[in-house]
Amino acid sequence: MADFDLIVIGSGPGGYVAAIRAAQLGLKTACVEGRDTLGGTCLNIGCIPSKALLNATHNLHEAHMNFEKMGITGAPALKVDWERMLRYKEDVVATNTRGVEFLFKKNKVTRLQGWASIPAPGQVKVGEEIHTANNILIATGSEATVLPGITVDEEVVITSTGALSLGQIPKSMVVIGAGVIGLEMGSVYARLGTEVTVVEYLDAITPGLDAEIARSFQKILIKQGMKFVLGAAVQSVERTKTGARVSWTQRSDDAPGEVEVEVEVEADVVLVATGRKPYTEGLGLEALGVEMLPRGQIKVDAKMQTNVPGIYAIGDAVPGPMLAHKASEEGIAAVETMAGQYGHMNYDVIPGVIYTSPEVASVGKTEEQLKAEGRAYKVGKFSLMGNARAKAVFQGDGMVKMIVDKKTDRILGCHIIGPAAGELIHEICVAMEFGAAAQDVAMTCHAHPTFSEAVREAALACGSGAIHA
Ligand code: NAI
């Protein structure tokens, strides 16, 4: 008999959630983690610590921008104690990683500490010890991709990991890549007073986001003091005495596609945020004959099974958006399959949130995707200028954009910029899971005054019209 029904490799939001669910379903489960603490990238050096810094700096920004307007004076005297802010971030991380430890104990998930490899199907080696299992679930996540020729030292040339623990607040920062990491961490430092310049290869920020929303988002970030250089391909980053020199080739607006100029800029710190790649090193997948995809991802079927029986994979290590909650959902689906249940993933309804202020949230199709598919659609938009609650908190800059099927009114996608967008989006996720039409949302009574009224107004705008537009 095997030692375990399931061994999960990796304790990020994919792995730890899968392990807990498996134990709840009656599987004798172990989870292997190489780090000292549980929770993976998300809890230790990703989502959670960045949210702590985003929260702290959001409050600082509020104090500077809006306190006086509300009659609260003295705010300009506020100072940032960076060390203490980092300690607050560490405390948030510790509370969350200890929370996972507690949940493992509560659910009787065995924790195996060390870096795992799979010497043969049904076997997981941790240190010198080999543990046997009926099933193995790979949830090893991803690591930052660094442009060729660039050396990351996590002090001056940093990835998101270094950005969470800089020794001091830099005066200037170049962010390479206007994706989620670049904009979230760029926002943190811009609010702390750093001069932030984001250099992006494409002609728009946030690739994959609805283009109209991306443009509005960029305008808001510019108002907040961030600078953008678009259509620029970074070529090199070199350390200097005081920081680093970044050089890029800039496409010209007059002659699109043609490289016109080479630009060099010096900054105290350079954040490389050009994407992430699956992390599967050291597992021994090649020797096992696990089929891989060209971009380094593990190939899996709809049940998250690899081509090797008994080996499953989820999360950033497999195709799809690199999001913590997508990994968790896949983990649950995989272990439910193992337990003889009907594991299910709906990739059409996976929300994405950018935790800047305001937040940006989206689910489902963008206008660009629907155009490419040739599908007839209608758009209902509502500006937060018409939302009483948003105006009361100085956040009327955003909007809700709902996209529905032209004939059936069924919701195909929704994109929101605004306060609590990351919470509001879930109303639409539930609606989409139920196959709802915009009219269903429009006919639902929403409390007044709330931000979520804006969602209803966008739904109304898909039909006979919004009230406050
Ligand atoms: P990303 O893929 O979102 O964006 C990278 C950007 O870098 C792209 O816009 C790309 O065009 C640009 N780029 C690439 N090479 C370049 C060059 N040579 N010069 C200039 N620009 C260049 O990657 P990011 O932001 O590093 O995030 C990695 C992953 O982590 C993403 O999949 C993201 O979804 C996930 N993540 C999600 C978060 C969230 O959901 N809130 C938070 C943080 C990360």
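Is Val126 buried or exposed? Let's start there, everyone, and then walk through the rest together. One thing to keep in mind: what you see is a predicted model.

Val126 sits in strand S5, which covers residues 123-126. With a relative accessible area of 8%, Val126 is buried, because buried here means under 20%. Now look along the chain to Tyr189. Val126 and Tyr189 are 63 residues apart in sequence, and their C-alpha atoms are separated by 39 Å.

Next, the ligand. How many residues surround the ligand? There are 24, and the closest are Ile181, Glu184, Glu200, Gly275 and Val353. If we sort that shell by class, we get 16 nonpolar, 5 polar and 3 charged residues. Helix H6, residues 180-191, and strand S12, residues 232-239, each bring at least two residues to the shell. H6 gives the most, with 4 residues.

Let's zoom in on the ligand's oxygen atoms. A polar side-chain atom of Glu200 comes to 2.6 Å from a ligand oxygen. From the backbone, an N or O atom of Ile181 lies 2.9 Å from an oxygen atom of the ligand, and a polar backbone atom of Val180 is 3.2 Å from a ligand oxygen. On its own, the ligand has 860 Å² of accessible area, and the protein covers 79% of that.

Met70, Ile72 and Phe394 make a nonpolar patch of about 260 Å². You can find Met70 in the loop between helix H3 (47-66) and helix H4 (82-107). Met70 has a relative accessible area of 44%, so it counts as partly exposed.

Finally, a few backbone details to look for. Which peptide bonds are cis? One of them runs from Ser357 to Pro358, with omega near -5°. Pro358 is in the loop between strands S18 (352-354) and S19 (359-364). Another cis bond joins His448 and Pro449, with omega about -5°, and Pro449 belongs to the loop between helices H13 (438-442) and H14 (453-461).

Then there is phi. Glu154 is not a glycine, yet its phi is positive, about 60°. Glu154 lies in the loop between strands S7 (142-144) and S8 (157-158), and at 29% relative accessibility it counts as partly exposed. Asp409, also a residue other than glycine, has a positive phi near 70°. Its loop runs between strands S21 (399-405) and S22 (411-418). Asp409 is buried, with a relative accessible area of 14%.

How values were computed. Residues numbered from 1 in each chain as written. Predicted model: local features only at pLDDT ≥ 70, side-chain atom pairs only at ≥ 80, totals over all residues. Heavy atoms only, no water. Near = heavy atom within 4 Å. Polar contact = N/O pair within 3.5 Å; in protein donor to acceptor, adjacent residues only side chain to side chain. Areas by Shrake-Rupley, 256 points an atom, 1.4 Å probe, with all protein chains shown as cover. Nonpolar A, V, L, I, M, F, W, Y, C, P; charged D, E, K, R; others polar. Patch = residues over 30% accessible without salt bridge, like charges linked within 9 Å, V, L, I, M, F, W, Y side chains within 5 Å. Salt bridge = Lys/Arg side-chain N within 4 Å of Asp/Glu carboxyl O. Buried < 20%, exposed > 50% of the residue type's maximum accessible area, 1.4 Å probe, protein only.
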